[in-house]
Amino acid sequence: MASFAQKTIQGTVKDNTGEPLIGVSIVSGSTGGTVTDLNGDFTLTNVNDGAILKFSYVGYKKQSVKVGNQTKFNIVMQSDDKTLDELVVVGYGVMKKRDLTGSISSIKSSDLEKVASANAMQAMQAKIPGLDITQSDGQAGGGLNMTLRGTRSILAQNGPLVLVDGVQYGSTIDISPDNIESIEVLKDASSTAIYGSRGANGVIIITTKHGKAGKTKVNLNVYNSFNSPTSTPTSMYGDAEMNRLIDKANYIADKTSGKWGTSNATAQQVTAGYKLEDGTLTYSIYEDKSYTNWGDLILKNSASQNYDLAVSGGNEKTNFNVSLGAMYDNGLMDQDKLSRYNGKVNIDHKINNMFKIGGSLMFSYKDNDKANSGVFSQAMKMTTITHAYLSDGSINAAPNPWYTAHSNPLLDMVDGRFQHNIETTRFFGNAYIEFTPFKGLMFRSLFNADRSDARDGLYQDYESTTRYQTPHTDYISSKKYNTTSLTWDNTINYNTNFGGSKSSLTALVGHELLQSVYESTNIFGDAGTTHYYESSFYDLSKITSPTIRNEYTKKSMLSFFSRVNYSYDSKYLATLSLRADGASQLAEGHKWGYFPSAAVGWRITEEKFMAGTKSWLDNLKLRLSWGLSGNSAIDPYQTLSTLNSSSIYYNFAGNDVAGKIPSHMGNPDLKWEKTSSFDVGFDFGFLNNRINGSVDMYFSKTNDLLFYKSAPTSSVFPSVISNIGKTKGSGIELQLNTLVIDSKNFSWNINWSYSHMSDKITELTDDINKYETGINHSARIVGERVNTYIDYETYGTWAVGEFANYIANHKFYDSNGNEVAASYPSGYGDPGTLKIADSNNDGKLSSDDRKVYNADPENLLGMNNTFTYKNFSLSVQLMARLGGYIPYAMNNRLDYETANWGGGCTDYWTYTNQNAKFPSPGADKSIYTTYGSSLLYEKADFLKIKDITLSYSLPKTWISKIGLSNARIYGSLKNFFTFSHIDNFDPEAGGDFSFPLAKQAVIGINLEF
């Protein structure tokens, strides 16, 4: 009976230096638990002698102590270097980091918490080697571009597979970073092959937070972000624009007279006869300098808010985590804002030693108002020698006296004239059961349902910016669409050490069923010339002749997979896996694909001959892996030939008969793209792991690429998509963690990441070595990187008399080496026109003279510094993206008669500046029209101080009096400092400037109760 006697126990918990530990979790079976106070003391009531006390604390080894007849306890906890023993999520399971044989990088919640961001993926920038993340615009709720280990597909997507709690989620991550426990990035094929046809582009696994046994915790995170434009393109303003108009007039006069440099036009002459609608003379605007800065009128400062509240806790049987979140993100333009609301519930319950059940449910609601993507671009075209508003205060609808077809970009700012709203709801939930009949064997079954519904509505008034001039009618569109995805996973895991031998084995077999259904209805059309500000896109009856389009797709996949992990003496490691995927979208005979992988590891530091290195070498492991993974890039029904939905009428015997024309030529032989990859890597740790990291080198080959193949001449189609292309890739990756200083009050930690990557097209089709897409000069060329541009190269402008000397003193040769006469196009060589490289020196400008510009970077570098001094912490995140070119659209903003020029185009030709980058504004535009795109390409290199965060954790002696266990206040500067070759532009945006990127000043607070 004594063992069941209840009593009160007390104790103190300290670290191995004798300092008391505050907040240590102590759990005592069904009686619940407690945490240590400011002095490291604890008290538990109603404890029996047979109870087991379990002590846990972040950074320290767990301890279990039997109560027995003691009532006083003095516990000393030992620090725990978890670098090798921490658990890493892999496909359909977890493993200790020391046992990994593949290339996997991990980000923990503590790393995400250092960066205030509404998008968890953005917090990963410059932290994972091989992972290239960029933000292409500053739109509210704007997405990110992601690739892992370069580009391998030509027509298919190259983004990684993103999973949340083991289930495919998609690339739009609307989960608060505060809800994430860890993010694992699976990079080599031996890690991704377990995902078969979906794994070739890498896999990102997001694991959300679950409750833990112990005291219930409440966490609150609130921050405010103050947003403003940064690195924003400009157009020529005021006097600079007027000087351009004067220089244009001088050029034309000089060319006519043949007396270069003698003309002297004035501002009054070039503006003579031009005035605004209210009679204001453009010359008077020049005189009083009342210019219009369109960028300042369109872009504005804004503020965003984020709120996250989480409650978690539990006991040894039941754990829970409940969270709520709200985000209000305002962009840099009117009508650009996003409201997002999140809710998540995770529950895990252990029924007994054999059965465990649980589930999670996530809900998100988004209300997204989107600004017109063309408004800022339109503003950059506008003359600044004008007024945005007329003298009566009304909008100057056509403010360009030189070109009245230009509509005022402010027309969209009138309430109601432009309304674009996307409303989305999403339920993402699962339930699981685990059955463990005996130690080492576990069956797990998980069912997940993912349902999203959206409505995309658009109303453009006939007096909005886009439709004011033409067609001058309202436009209404409403698209409703939904996606339902179901996932059912069944796995059996078995692990054994064969009765305590040096060998250990973990085996996995599984089955997975995926099904996805997409439906949409889109109704759109013109709606006359009435203001429908109130009914907007909701009242579709206002459409004069509505067009209705419906879409339905369904696809399913059945998979079987297995994996075996073997370890001998914790030194020799091996992993084998195999997956078989059967897909509904493939034709008979090609539905199944098979994806094997193999990997080995050798923990060299465990060898006897390494005994002399124990004092300084903590870990050295060699990894070798190979695997085959796929890219599920084939859309439903793509193997079938289809007809156009529109009717074509034919006349038979005087009667019109409706018919259809083919729209797509099917190919029943389509199959998955497949990537074979080899990886060799080293993991290392020195000086008690103060220096640790990994280095990887990889080589990959992708076969059966989807690409266009010429169709037979008897076909009505010029080409058909087939599996015919090939690419290859290689790269080096380095992850390095260095604890530079570690003293009692001060520490300095640096995390480095570096990637060098290269990819190349090795084969296209039918002896074709070059394919030009016809879109923005992009091309696919054998022997070059996958993403390239091909265009002419410019090297300045022609000076007066220079072209004549060039022709007189230069010899030209054809491809056979025969001397030929020059035959350049008419107007080429005139003073002030572009000088284009004749790279093959044949005396003419042809497609053979064009240059290849690589579009992707070659090197990625990240450096994350964390300084701590007592309760202060400072983190500084740098990132660099080196190599490649971007087509910078402002370099091509040289509209000769109609519009303003880019603000960065001031280095144009004049008689006193003949070696200029840009042509004269008065030169014949024919040469620019044909070859002006050669000005686009700028080096994309940039270095950013991406984030600076200073935080202060309030002393626990202060906050404990009001029931808080932790309180942290912080401030951040995000995207404030960018260094690149381009003035007033951030190359991370990729050349487009529709929505300039923002810099953010953030203040926030974290509270834990």
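Predicted model: local features only at pLDDT ≥ 70, side-chain atom pairs only at ≥ 80, totals over all residues.
1. S933 sits in the loop between α9 (925–931) and β49 (937–939). Is S933 buried or exposed? Its relative accessibility is 11%, so it counts as buried, the cut-off for that class being under 20%.

2. The surroundings of S933 can be listed. Apart from its neighbours within four places in sequence, S933 is in contact with H777, D791 and N892. With one of these, D791, there is also a polar contact: the two side chains come to 2.7 Å.

3. Q125 belongs to the loop between α1 (109–112) and β11 (131–135). A relative accessible area of 2% makes Q125 buried. The side chain of Q125 makes a polar contact with the side chain of K946, at 3.3 Å.

4. Which residues surround Q125, once its neighbours within four places in sequence are set aside? They are I133, T134, Q877, M879, K946 and E988. A student can find each of them in the structure above.

5. S663 is found in strand β33, which covers residues 662–664. With a relative accessible area of 39%, S663 is partly exposed; this class lies between the 20% limit for buried and the 50% limit for exposed. S663 and T642 are separated by 21 residues in sequence, and their C-alpha atoms are 5.8 Å apart in space.

6. N688 is not a glycine, yet its phi is positive, at about 60 degrees. N688 is placed in the loop between β34 (673–686) and β35 (691–710). At 59% relative accessibility, N688 counts as exposed.

7. D704 is the other residue of this kind. Its phi is also positive, about 60 degrees, although D704 is not a glycine. Where does D704 lie? D704 is in strand β35. Its relative accessibility of 23% puts D704 in the partly exposed class.

8. The bond from T470 to P471 is cis, and its omega is near 5 degrees. P471 is in the loop between β23 (441–460) and β24 (475–496).

9. Now the chain as a whole. How many helices and strands does the protein chain have? Its secondary structure comes to 10 helices and 52 strands. The radius of gyration is 33 Å, close to the 30 Å that the globule rule gives for 1009 residues, so the chain is as compact as a globular protein of that length. Along the principal axes, the C-alpha atoms fill a box of roughly 115 × 70 × 65 Å.

10. Burial and contacts can also be given for the chain. Of its 1009 residues, 49% count as buried. Take the contacts between residues at least 6 apart in sequence: 69% of them join residues at least 24 apart.

11. The chain has 92 positive and 101 negative charges, and the mean positions of the two sets are 9 Å apart.

Note on methods: Residues numbered from 1 in each chain as written. Heavy atoms only, no water. Helix = DSSP H or I, 4+ residues; strand = E, 2+ residues; numbered from the N terminus. Rg over C-alpha atoms; globule rule 2.2 N^0.38 Å. Buried < 20%, exposed > 50% of the residue type's maximum accessible area, 1.4 Å probe, protein only. Contact = heavy atoms within 4.5 Å. Lys, Arg positive; Asp, Glu negative; His and termini not counted. Charge placed at Lys NZ, Arg CZ, Asp CG, Glu CD. Polar contact = N/O pair within 3.5 Å; in protein donor to acceptor, adjacent residues only side chain to side chain.
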